[in-house]
Amino acid sequence: MEALSLAIRAGVQVVAEQAFPERLAMVDNMPPVLFVDGDLSCLSGPTVAIVGTRNASTYGKACAQKFAEALARAGVTIVSGGALGIDGAAHKGALAGGGKTAAVLAGGVDYIYPAVHGGLFEQIRRSGCLVSQFSVGSKPAEYKFLQRNVVVAALSDAVLVVEAPPKSGALSTAQAAVEMGRDVFVVPANIDAEGFRGSFHLIRDGATLVSHPNQILEDMQIEPARKEEAAPASSMGEMILAVLGSATLATEFIVERTGLDTAEVLSELTMLELEGRVMRDASGYALRP
């Protein structure tokens, strides 16, 4: 009763099993109640979980954001765990696409973890919801993350694993999804990418390889959002595009000619490549014809 009183005083909804989203209610051994801050109805339509490592590469985060944004534009709610790395990129992508997103937390919905996601969690509350099986005031703990991962899978029609090393918690989400009969998708990477070794194991075990968000939408029988004019590149992106031509240019020369930090250049190049504006080979980057 104390947990319920705390939730009510904090303005948090206490959702009993009979009011669970349908896909969650059909799974055995779910928690008896959920604590929700935001609009739980965002989970009543099609949902896709996007999960991966906290220590994500620039490429991994860019992929998570790209897929989340495209799926959100098509009306899919993006579910993830609110963590650093892939989770955060997925939530941000959904918000950038003007869509809905739900963060399933390993602590109370009032406990901001990681602390740097305070602003992001506030946006999620306004454009979706924060969800937890743990009472208001609860702090995250290692065992809670594994329990949280099962709920992430249960709330989702499908799971997309973006970047998962061999011991990533995202693999437990994928395993739970398989046991629930959900589809599991994986994005590709270079075969020597250590951060994707767990992802490669999923592909070997039967997960579906995808390279574009529309492949997931097709599988879910959802029409993609109407293709819009490409958004203008960021100011840093425009600086990079201005120094590129048809001949490849090595990253260090792009850094030198733009005056940007190496990390900024690598991040922008990844986004430009995913948007189809630039192409890459072993010697560097060039404008796509």
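Is the crossing of helix 11 and helix 12 right-handed or left-handed? Hold that thought while we set the ground rules. This is a predicted model, so local features need pLDDT of at least 70, side-chain atom pairs count only at pLDDT 80 or more, and totals for chains, interfaces and linings use all residues. Residues are numbered from 1 along each chain as its sequence is written, and side-chain values use heavy atoms, with hydrogens and water left out.

Now the answer. Helix 11 and helix 12 make a right-handed crossing. A crossing is called right-handed if the near helix is turned clockwise from the far one by less than a right angle, and left-handed if anticlockwise. Helices here are DSSP runs of H or I with at least four residues, strands are runs of E with at least two, and both are numbered from the N terminus. Two packed helices are described by the angle between their axes and the distance between the axes. Helix 11 covers residues 251–258 and helix 12 covers residues 262–274; their axes come within 10 Å and cross at roughly 115°. That makes helix 11 roughly perpendicular to helix 12. Angles of 65 to 115 degrees count as roughly perpendicular, under 35 as roughly parallel, over 145 as roughly antiparallel, and the rest as oblique. Axes are lines fitted to C-alpha atoms, for helices over the stretch in contact, and angles run from 0 to 180 degrees between N-to-C directions. Thr251, Ile254, Val255 and Thr258 of helix 11 meet Thr262, Val265, Leu266 and Leu269 of helix 12. Contact means heavy atoms within 4.5 Å.

Helix 12 has another partner. Helix 10 (residues 235–243) packs with helix 12 at an angle of about 85°, and their axes are 10 Å apart. Helix 10 and helix 12 are therefore roughly perpendicular as well. On helix 10, Met236, Gly237, Ile240 and Leu241 make the contact; on helix 12, Glu264, Val265, Glu268, Leu269 and Leu272 do.

Next, the strands. Strands of a sheet pair through backbone hydrogen bonds, either parallel or antiparallel. Two strands count as paired if DSSP finds at least two bridges between them. An open sheet is built from 9 strands in the order 1-2-6-5-4-3-7-8-9, with mixed pairing. Strand 1 (13–16) and strand 9 (208–209) stand at the edges with a single partner strand each, so one side of each has no neighbour in the sheet. Strand 5 pairs with strand 6 (residues 128–132) in the parallel sense over 5 bridges. There, Ala102 stands opposite Cys129 of strand 6. Helix 5 (residues 118–126) lies across strand 2 (33–38), strand 5 and strand 6, at about 110° to strand 6.

Strand 10 (residues 278–281) and strand 11 (residues 284–287) pair in the antiparallel sense over 4 bridges. They form a hairpin with 2 residues between the strands. Arg280 has Tyr285 of strand 11 as its bridge partner.

Look at helix 6 (residues 142–154). Its buried residues include Phe145, Val151 and Val152. Buried means under 20% relative accessible area, exposed over 50%, and partly exposed in between, with a 1.4 Å probe and protein chains only. The buried residues of helix 6 pack against several elements, including helix 2, strand 4 (77–80) and helix 7 (170–179). Leu155 sits in the loop between helix 6 and strand 7. Leu155 counts as buried because its relative accessibility is 1%. Beyond its neighbours within four places in sequence, Leu155 is in contact with residues including Pro21, Leu43 and Val104.

What about disulfides? A disulfide is a pair of cysteine sulfur atoms within 2.5 Å. The count comes to 0 disulfides. Cys42 is in none; the nearest cysteine sulfur, that of Cys129, is 3.8 Å away. Cys42 counts as buried because its relative accessibility is 7%.

Most residues other than glycine have a negative phi, and most peptide bonds are trans. Asn29 is not a glycine, yet has a positive phi of about 60°. Asn29 lies in the loop between helix 2 and strand 2, and counts as exposed at 77% relative accessibility. Gln221, also not a glycine, has a positive phi of about 60°. Tyr113 and Pro114 are joined by a cis peptide bond, with omega about 0°. Pro114 is in the loop between strand 5 and helix 5.
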